[in-house]
Amino acid sequence: MADMLIRLNGTDNISEHWDELCKILSLDSKGQCFIYGKIGTFCVIREGVDVIASIGYVCHVGGDSVQATLSKILRSFDETQIGTLKKTLVGQYVLLIKKGDSIYLFSDFMGTRNIFYSDDGKVISTSFSELENILGTSANDLDTYKVFEFLAMRHICYPSWLGRSTEHRRIKWLLPHEYLVVDTANSSYRLGSVVYSIDNKKQSDCSFLADELLSRLKAIINRREFKDVPVAASLTGGRDSRLVAAIAAEQFRNIRFRTAVSLERVSSSKDLEVADRIAKLRGIPLDIYTFQAGRDDKRFIELTEGFTPAFNHSISPLIDNAGSYSLGLGGVYGTELFIAIPWNKIDGYIQQKVENAKQSLKVEDSFWNNFCGTLHDEFRRTKEHFQLSDGDERDYIRLFNLLNTVRYSSFILSAFNRAGYQLEPYGNYAILELALRVAPALWGNHRRLGGDALVQKAAMANLDPRLAKIMTYSSFRPMTPFSLPSVPFYLMGFTIQVAYWLRERFEGIKKKPIRTVLPEGYYISDGWEKHFIDRTVKKYGLSVQSSR
C-alpha cells in the first residue's frame with residue numbers, strides 16, 4: 001500500500017518494519033519521511049534542497065504526467081496556492097512539499113487519502129494503524145465515545161468519525177479543508193485551512209447539464225500518460241461506473257473492464273450480469289475477480305485496516321489485482337453528488353437520522369446530546385469552508401453526505417492504491433461544482449416511476465444510447481430519459497424494484513439480529529461492524545459480548 005510517514009525530532013529509523021519501503025527522505029537532522037509502496041503508487045521530485053512527493057494519482061487537468069505536474073508545482077509553490085491546487089488538481093492523493101525549513105502536507109479537496117497525526121505533531125502518517133503501532137495502544141488511549149459515534153454514523157450516512165478526533169485519544173484526523181505546516185527547525189506544526197466559494201445557482205436545462213457533465217468527466221478521464229498502457233474501468237450494476245467506463249472506452253487503447261463477484265450474494269450476480277452485457281456490447285474484455293470466503297475476507301480486513309464494514313469485502317480480489325493495470329478507474333461518489341435530497345432543513349435531517357440511530361444503539365441520553373452537538377458542529381464547519389452563493393440547506397446536506405462518504409471509503413481507496421494508481425473521476429472539484437447547480441426538479445425520485453439522477457441518464461443516452469438501454473441494478477431503471485419509447489423498460493424495472501424490496505424485507509425479518517454489549521450500552525445490528533469492534537478489542541482491550 002502506498003503510504004507516507006513523517007517522524008520528527010530525531011525519532012528512530014523504523015524502515016526494517018516495512019517490506020515495501022522505497023524512499024527515505026531526509027528532512028534535516030531532526031527527522032525523516034518514509035514512503036513505502038510499489039513503483040507506480042507514488043512519485044518524488046527533488047530540486048536542490050526542495051522536495052515534492054505524492055502518493056496516489058495527481059495531475060493537472062491538461063497535464064502530461066504526474067512527474068511533470070509535481071515539477072511544475074514545486075518550482076513556484078507557496079502556501080497561498082494550496083486552495084487553488086486542491087480545486088484544480090485531478091486525483092485522490094496526498095502531497096508533501098518541502099521548501100526550506102517548512103513542510104506542507106495536504107490531500108485532495110475531499111480528503112480521499114487520509115492524513116493522521118499525533119497530538120504533538122511529531123508523527124504524521126497516511127495510515128492510522130501505523131500511528132497506532134508507533135504511539136502504542138491501551139485502554140487509557142481509547143475514547144469510548146468515538147466507538148459509539150462510529151456506530152451511530154452508520155445510521156446517519158456511513159460509519160466514520162466526525163471532526164478531527166478518533167478513537168485513539170492522541171491521534172487526530174486532518175479535515176478535508178485543512179493542511180499541515182511542519183517547521184522542521186523547531187519540530188512544531190500548525191494547521192492551515194482553505195475556503196471554497198461555489199456558485200450553486202440552480203440550472204434547469206437538463207440537456208446543458210448533461211453535456212457539461214460529459215465534458216468535465218472526459219477532461220478528467222483523459223489521462224494522456226496512460227493512452228498506450230493497460231487501464232481498467234470498474235463496472236457494477238449501477239449507473240455511476242457505467243458512465244465512467246463508457247467514456248474510458250473511447251479514450252484508452254488498452255482499456256479493459258473489471259468486476260468483482262461473490263457467489264454468496266444475489267446482488268453480486270446481478271452486477272456481473274449487467275457488466276457482462278455492457279462489455280459484450282462494447283466489445284471490450286471483462287476481467288472477473290471472484291471473492292473466496294476465508295481467504296479474501298481476511299485480506300480485506302488487512303487492506304482496509306479493519307475500518308470497512310463486512311458487506312464490502314467482496315471487492316478484495318479487485319483490490320489485490322489492481323497492480324495488473326497502470327491505472328484503475330472507478331465510479332464512486334456519483335450517487336452522493338446527484339441523488340435527491342428529501343430534507344429541506346438541516347435540523348430536520350439531523351432529527352430524523354438520530355431517531356433512526358436510536359433504534360439500534362442503546363446508550364445514555366448524554367451521548368445523544370453530545371452527538372447531536374457534534375453533527376451541528378460538522379455542518380457549521382461545512383458552511384464556513386464551503387461558502388455557497390445560495391444558502392440552500394439541501395446543498396449543505398449533500399456536502400455533508402459526500403464528505404462523510406469519502407471518509408468512510410478512504411480506507412478502500414487507500415487499499416486500491418497499494419499496487420497502482422486509482423482515479424475516481426466523480427471525486428473532483430469540477431464535478432461537485434456542477435452537481436450543486438442541478439435544479440431539484442432534475443434530481444428525480446427513485447420511488448417514482450421516472451426514477452432519479454436525470455442528468456446522468458441524459459448524459460449516458462447522449463454518449464451511447466445502446467448502453468443506456470441496459471437496466472441498472474441499483475435503481476432498476478434504464479439509463480435513458482423517461483419517455484414514451486422507454487415506458488416499457490421503466491415499468492419492468494419498477495416492478496422488479498418492488499419485488500426486490502419485498503424480498504429484502506422478508507429476509508430482514510427472518511435474519512436474527514446480533515446484540516453487542518459494550519461499556520455503558522449495547523448495539524443491535526446485522527453484524528456489519530464486526531471488523532471495527534474486533535480491531536478495537538484487540539488493540540485497546542474494549543470489553544464486549546455478542547449474541548443473537
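**Notes on the predicted model**

1. Let me start with Asp50: setting aside neighbours within four places in sequence, Asp50 is in contact with Ile45, Leu74, Lys98, Lys99 and Gly100 (contact means heavy atoms within 4.5 Å). Asp50 sits in strand S5, residues 50-60. Helices here are DSSP runs of H or I with at least four residues, strands are runs of E with at least two, and both are numbered from the N terminus. The Asp50 side chain also reaches the backbone nitrogen of Gly100 at 3.4 Å. A polar contact is a pair of N or O atoms within 3.5 Å; within protein, one must be able to donate a hydrogen and the other to accept it, and residues adjacent in sequence count only if both atoms are side-chain atoms. Asp50 is buried, at a relative accessible area of 17%. Buried means under 20% relative accessible area, exposed over 50%, and partly exposed in between, with a 1.4 Å probe and protein chains only.

2. A word on provenance. This is a predicted model, so local features need pLDDT of at least 70 and side-chain atom pairs count only at pLDDT 80 or more, while totals for chains, interfaces and linings use all residues. Residues are numbered from 1 along each chain as its sequence is written, and side-chain values use heavy atoms, with hydrogens and water left out.

3. Strand S1 (residues 3-7) has 5 of its 5 residues buried, so S1 is largely enclosed by the rest of the structure. Asp3, Leu5 and Arg7 point one way from S1, with Met4 and Ile6 pointing the other way. S1 runs antiparallel to strand S3 (residues 31-36), joined by 5 bridges, and Arg7 has Gln32 as its bridge partner there. Pairing requires DSSP to find at least two bridges between two strands.

4. Now the open sheet: 4 strands in the order S18-S24-S23-S25, with antiparallel pairing. Its edge strands are S18 (361-363) and S25 (545-547), each pairing on one side only. The twist averages 15° from one strand to the next. Helix H4 (residues 144-153) packs on this sheet, touching S18, S23 (514-518) and S24, and its direction makes about 145° with that of S18. Axes are lines fitted to C-alpha atoms, for helices over the stretch in contact, and angles run from 0 to 180 degrees between N-to-C directions. S18 meets S24 (residues 521-525) over 3 antiparallel bridges, with Val363 opposite Gly521.

5. Helix H5 (residues 206-221) has 16 residues and reaches 22 Å from first C-alpha to last, close to the 22 Å expected; the expected span is 1.5 Å times one less than the number of residues. Asp205 caps the N-terminal end of H5, with a side-chain oxygen 3.2 Å from the backbone nitrogen of Ser207. Buried residues in H5 include Leu209, Leu213 and Arg216. Phe208, also in H5, is partly exposed at 34% relative accessible area. Not counting residues up to four places away in sequence, Phe208 touches Gln203 and Arg437.

6. Last, the packing. The largest nonpolar core has 132 residues, of which Leu243, Phe257, Leu329 and Phe371 touch the most other members. Helix H13 (residues 393-416) gives the largest share, 9 residues. Such a core is a set of buried Ala, Val, Leu, Ile, Met, Phe, Trp, Tyr and Cys residues joined through side-chain atoms within 4.5 Å.
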